[in-house]
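Please work through the following exercises with the sequence and the model at hand. Each task is followed by a stepwise solution.

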Amino acid sequence: MKTLHCREAGFDCDTIIQANTEYQVLELVSKHALEVHEVAITPELAEQLRTMIREEKEII
Ligand SMILES: [Zn+2]
């Protein structure tokens, strides 16, 4: 699973985003950031977040 830890994106948050593809992770994190952190993910930020996505086993 492609995995992104919200904390590594700079938020004080324990949410872990997982999906099958990087694209889906970015979609989910955009939604999460907007709803929970009221932060809009810009294309530049999305590019940074993409570098933080790792391959981890499914934990959900
Ligand atoms: Zn978060």
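**Exercise 1.** Which pattern does the protein chain follow, read along the sequence?

*Solution.* The model is a predicted one, in which local features need pLDDT of at least 70, side-chain atom pairs count only at pLDDT 80 or more, and totals for chains, interfaces and linings use all residues. Residues are numbered from 1 along each chain as its sequence is written.

Step 1. Helices (H or I, at least four residues) and strands (E, at least two) are DSSP runs, numbered from the N terminus. The protein chain has two helices and three strands.

Step 2. Along the sequence these elements give β-β-α-α-β.

Step 3. The radius of gyration, taken over C-alpha atoms, is 10 Å for the protein chain, close to the 10 Å of the globule rule for 60 residues, so the chain is as compact as a globular protein of that length. The globule rule is 2.2 Å times the number of residues to the power 0.38.

**Exercise 2.** Determine the strand order of the sheet and state which strands stand at its edges.

*Solution.* Step 1. Two strands pair if DSSP finds at least two bridges between them. Strand β1 (residues 2-5) pairs with β2 in the antiparallel sense over four bridges, and Leu4 has Ile17 of β2 as its bridge partner.

Step 2. The three strands form an open sheet in the order β2-β1-β3, with antiparallel pairing. β2 (16-19) and β3 (54-55) are at the edges, each with a single partner strand, so one side of each has no neighbour in the sheet.

**Exercise 3.** Identify the residues of the largest nonpolar core and the element that gives its largest share.

*Solution.* Step 1. A nonpolar core is a set of buried Ala, Val, Leu, Ile, Met, Phe, Trp, Tyr and Cys residues joined through C-beta atoms within 7 Å. A residue is buried if 20 or more other C-beta atoms, placed from the backbone, lie within 10 Å of its own, exposed if 12 or fewer, and partly exposed in between.

Step 2. The largest core has 11 residues: Leu4, Cys6, Ala9, Ile17, Val25, Leu26, Val29, Ala33, Ile41, Leu49 and Ile53. Helix α1 (residues 22-37) supplies four residues, the largest share.

**Exercise 4.** Locate Glu38 and state whether Glu38 is buried or exposed.

*Solution.* Step 1. Glu38 lies in the loop between α1 and α2 (43-52).

Step 2. With 7 other C-beta atoms within 10 Å, Glu38 is exposed.

Step 3. The phi of Glu38 is near 55°, a positive value in a residue other than glycine. Most residues other than glycine have a negative phi.
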